[in-house]
Amino acid sequence: MRAFLLFLLLLALLALVWSRGWRPPDRYNPWAPLDLRAPPDLFFRYKLDRLGREPHTCKAALAQAGARFTPLSDRDGPGACGWIDAVRLRSTGVAALARPAIVTCPLAATLVLLDRQVLQPAAKQLYGTAVRQVDHVGSYACRNIYGRAGAPLSRHARAAAIDLTGFGLADGHRLDIAGDWNAQGKAGAFLHRVHNRACEVAGLVLGPDYNREHRSHFHVEAGGWGYCR
């Protein structure tokens, strides 16, 4: 009985504090908007998932982070292909994409986090410079997995995946996944560090060690809980 009374007292105290306008810091508040400029917090995956249900909030988060993008109208078809709440992303706010990519807004947010929390720290630590360009071979493509007849529809067919192939540094270095994945020295170390840490912010990352179809790129998706292979 005493424990129950203490619980009611605590609830009453919290209600009083809340009514007076107190809110926990955003890092400890699961209902706070996701700030893509800040390191991921305890609730960032929940917040990132919520962006998929709140298009205006998602685009506001991209704009706040300085990303350069153009919102796109939803596309239905052909077949089950198309996209919902997508943008044409040109820059994460730090690094530019080698060419614009059509990606869902949550995937764009994931790429912003990947750049800020993974790519830039790795480049700074290993090369003492910044990543200025992210190379890729496409995002949206209306096809099945591996392009095989009878296979499930690829996440690319919904603009929910992108294949990254390399990175350009501010000092002129070019890091190519196909050519440098097994390289000795800083190039290989950089790519392995990026791959291993990418799952701190991305939902799914498949790289050269996953299978031969991914030997030349990192396949990145937003949804999920951090699976790297």
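**Entry 1: a helix to start with**

How many of the eight residues of helix H2 (residues 44–51) are buried? I found six of the eight, so H2 is largely enclosed by the rest of the structure. Before going further I noted the ground rules: this is a predicted model, where local features need pLDDT of at least 70 and side-chain atom pairs count only at pLDDT 80 or more, while totals for chains, interfaces and linings use all residues. Residues are numbered from 1 along each chain as its sequence is written, and side-chain values use heavy atoms, with hydrogens and water left out.

My cut-offs for burial: buried is under 20% relative accessible area, exposed is over 50%, and partly exposed is in between (1.4 Å probe, protein chains only). Helices (H or I, at least four residues) and strands (E, at least two) are DSSP runs, numbered from the N terminus.

The buried residues in H2 are Phe44, Arg45, Lys47, Leu48, Arg50 and Leu51. I then asked what covers them, and the cover includes H3 and helix H4 (105–127). Contact here means heavy atoms within 4.5 Å.

**Entry 2: the overall count**

I counted six helices and 11 strands in the protein. Of its 229 residues, 46% count as buried. Among contacts with a separation of 6 or more, 55% come from residues 24 or more positions apart. The accessible surface comes to about 11,900 Å², and 57% of that belongs to carbon and sulfur atoms. Those areas come from the Shrake-Rupley method with a 1.4 Å probe; for residues, only the protein chains shown count as cover.

**Entry 3: aromatic rings**

Next I went through the rings. Rings of Phe, Tyr and Trp (its six-membered ring) pair if their centres lie within 6.5 Å; planes under 30 degrees apart are stacked, over 60 edge-to-face, and the rest tilted. By this rule I get four aromatic pairs.

One of them joins tryptophan 83 and tyrosine 140, edge-to-face, at 5.0 Å centre to centre with 90 degrees between the planes. Tryptophan 83 sits in strand S3 (residues 82–83) and tyrosine 140 in the loop between strand S6 (131–136) and strand S7 (161–169), so this pair ties together parts 57 residues apart in sequence. Tryptophan 83 is buried, at 7% relative accessible area.

I also looked at phenylalanine 167 and phenylalanine 190, an edge-to-face pair at 5.9 Å centre to centre and 70 degrees between the planes. Phenylalanine 167 lies in strand S7 and phenylalanine 190 in helix H6 (residues 186–198), so the pair ties together parts that are 23 residues apart in sequence. Phenylalanine 167 is buried at 0% relative accessibility, and phenylalanine 190 is buried at 0% too. With Tyr127, these two phenylalanines form one aromatic cluster.

**Entry 4: salt bridges**

Side chains of opposite charge can pair when their charged atoms come close. I took a salt bridge as a side-chain nitrogen of Lys or Arg within 4 Å of a carboxyl oxygen of Asp or Glu. A search of the whole structure gave me eight.

Lysine 59 and aspartate 85 make one of them, with their closest N and O atoms 2.4 Å apart. This pair links distant parts of the chain, from lysine 59 in helix H3 to aspartate 85 in the loop between S3 and strand S4 (86–91), 26 residues apart. Buried or exposed, I wondered, for lysine 59 and aspartate 85? Both are buried.

Glutamate 221 bridges to arginine 155, with 3.6 Å between the closest N and O atoms. Glutamate 221 lies in strand S10 (residues 218–221) and arginine 155 in the loop between S6 and S7, so the pair ties together parts that are 66 residues apart in sequence. Glutamate 221 is buried at 10%, whereas arginine 155 is partly exposed at 41%.

Aspartate 49 and arginine 53 also meet in a salt bridge (2.6 Å, N to O). Aspartate 49 is partly exposed at 47%, and arginine 53 is exposed at 51%.

**Entry 5: out on the surface**

Last, I checked for patches. They are made of residues with over 30% relative accessible area and no salt bridge: like charges are joined within 9 Å, nonpolar side chains (Val, Leu, Ile, Met, Phe, Trp, Tyr) within 5 Å. Ile145, Tyr146 and Tyr210 form a nonpolar patch with about 240 Å² of accessible area together. Tyrosine 146 is in the loop between S6 and S7, and is partly exposed at 35% relative accessibility.
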